[in-house]
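Here is a short tour of a structure with two chains, written for someone new to reading models. Keep the 3D view open and follow along.

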Amino acid sequence: MNDIFRAFNISASGMYAQRVRMNVSNLANYESYRANGEPFRKLEVVFQALEDPKNLSKGEVPVRVVEIRQSNEPFRLVYDPTNPRANQEGYVQKPNVELVKEMVDMITAVRSYEANLNAFSATKEIAQRTLELWR
Amino acid sequence: MIWIFFRGIDKVLPHLNFAWKRHKVILSNIANADTPNYRAKDVVMEKESVGKLKITREKHISPKSKEGFRVIEIQRRLVGNDFNNVSIEEEMAKLTQNRIAYEAYMRMIRSSVDRLNNIIKEGRQ
């Protein structure tokens with residue numbers, strides 16, 4: 001019985017990971033600055049497969065979010081001399097969030113979430129079939 | 001005597017276990033579709049389980065796993081820059097395929113249970 005529940009956990013771990021990816025607030029902070037005056041740094045979610053031999057022999061490899069780190073990509077430079085944050089040459093540093101990348105990332109996250117959801121309902125159906133033997 | 005009715009189940013059971021394990025592996029592949037450095041996995045039947053080599057003496061080589069199948073990593077193209085080789089379409093196809101196979105095995109088991117049930121019920125009259 002536990003075996004079946006663990007199978008649900010695999011799909012759930014995948015869905016959770018994708019949801020975290022959706023939740024990182026990059027788009028909301030497209031123009032934000034931090035309290036210390038630095039532009040907001042893009043947050044990146046790092047996935048890792050839990051591939052220890054015990055899991056592997058059972059064929060169960062859940063995914064885990066190991067860390068959410070700040071991106072080291074250079075900041076966007078926008079020419080805007082009237083902005084109070086502009087430097088001597090008139091350039092303003094903006095957060096290193098890129099709209100297009102974020103949108104694409106979001107679409108992949110949603111698609112992966114759906115795939116996991118599909119797999120989840122497949123497991124559910126299998127479990128129900130197994131239970132039907134009782135009747 | 002009653003075990004005659006379950007003999008069919010004995011034949012199907014390894015395949016059922018195989019389908020269940022494969023299902024779990026496919027779930028893992030789908031969950032890790034975006035994990036860097038993850039290699040897609042699959043389950044294969046070992047040769048021993050097909051050839052039915054019995055262990056009759058102590059010193060005979062025993063198969064690697066009791067179940068007769070093992071998890072392998074798929075070695076193939078690496079698309080993209082994260083060294084992940086899961087193809088989500090293929091996994092979804094395998095998922096459906098596997099589910100139908102599971103259903104088929106389940107029906108076989110179901111039929112032998114039904115047969116037994118029938119005999120129990122009709123015998124009462």
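## A buried arginine

B:R22 counts as buried because its relative accessibility is 14%; buried means under 20% relative accessible area, exposed means over 50%, and partly exposed is in between, using a 1.4 Å probe and protein chains only. You'll find B:R22 in helix α1 of chain B. Helices here are DSSP runs of H or I with at least four residues, strands are runs of E with at least two, and both are numbered from the N terminus.

What does B:R22 touch, leaving aside its neighbours within four places in sequence? The list is B:D42, B:V43, B:K94 and B:N98, where contact means heavy atoms within 4.5 Å.

## Ground rules for the model

This is a predicted model, so local features need pLDDT of at least 70 and side-chain atom pairs count only at pLDDT 80 or more, while totals for chains, interfaces and linings use all residues. Residues are numbered from 1 along each chain as its sequence is written, chains are lettered from A and ligands numbered from 1 in the order in which they are written, and side-chain values use heavy atoms, with hydrogens and water left out.

## A buried lysine

Now follow the contact from B:R22 over to B:K94. B:K94 sits in helix α3 of chain B, residues 88-123, and is buried, with a relative accessible area of 7%. Apart from neighbours within four places in sequence, B:K94 is in contact with B:R22, B:I26, B:K41, B:D42 and B:I74. B:D42 is on this list, and B:R22 touches B:D42 too.

## Chain B as a whole

Zoom out a bit. Chain B has 3 helices and 2 strands, and from the N terminus on they run α-β-α-β-α. Of the 125 residues in chain B, 36% are buried. Among contacts in chain B with a separation of 6 or more, 74% are between residues 24 or more positions apart.

Two loop residues are worth a click. B:N37, in the loop between α1 and β1 (41-45) of chain B, has a positive phi of about 65 degrees although it is not a glycine. B:N37 is exposed, with a relative accessible area of 54%. B:F83, in the loop between β2 (69-73) and α3 of chain B, also isn't a glycine, and has a positive phi of about 55 degrees. At 46% relative accessibility, B:F83 counts as partly exposed.

## Where the chains meet

How many residues does the contact take from chain A and from chain B? The count is 36 residues from chain A and 26 residues from chain B. Together the chains bury about 2,600 Å², with 60% of it on carbon and sulfur atoms; buried area is the accessible area (1.4 Å probe) that two parts lose on being put together, summed over both. In chain A, A:I126, A:R129 and A:L133 lose the most area to chain B, together 22% of what that side buries.

## Two helices against α1(B)

Two packed helices are described by the angle between their axes and the distance between the axes. Axes are lines fitted to C-alpha atoms, for helices over the stretch in contact, and angles run from 0 to 180 degrees between N-to-C directions. Start with α1(A) (residues 2-23) and α1(B) (residues 7-31): their axes are 8 Å apart, at an angle of about 15 degrees. The two are therefore roughly parallel (under 35 degrees; over 145 is roughly antiparallel, 65 to 115 roughly perpendicular and the rest oblique). Residues meeting here include A:I4 and A:A7 on one side and B:W20 and B:L27 on the other.

Next, α3(A) (residues 99-132) crosses α1(B) at roughly 160 degrees, with the axes coming within 9 Å. α3(A) and α1(B) are therefore roughly antiparallel. Among the residues making this contact are A:A119 and A:I126 of α3(A) and B:W20 and B:L27 of α1(B). The classes are 8 nonpolar, 3 polar and no charged.

A:I4 lies in helix α1 of chain A. Buried or exposed, where does A:I4 fall? At 15% relative accessibility, A:I4 counts as buried. Leaving aside neighbours within four places in sequence, A:I4 touches A:A127 and B:W20. A:I4 and A:K124 are 120 residues apart in sequence and 8.9 Å apart in space, C-alpha to C-alpha.

Notes:
Nonpolar A, V, L, I, M, F, W, Y, C, P; charged D, E, K, R; others polar.
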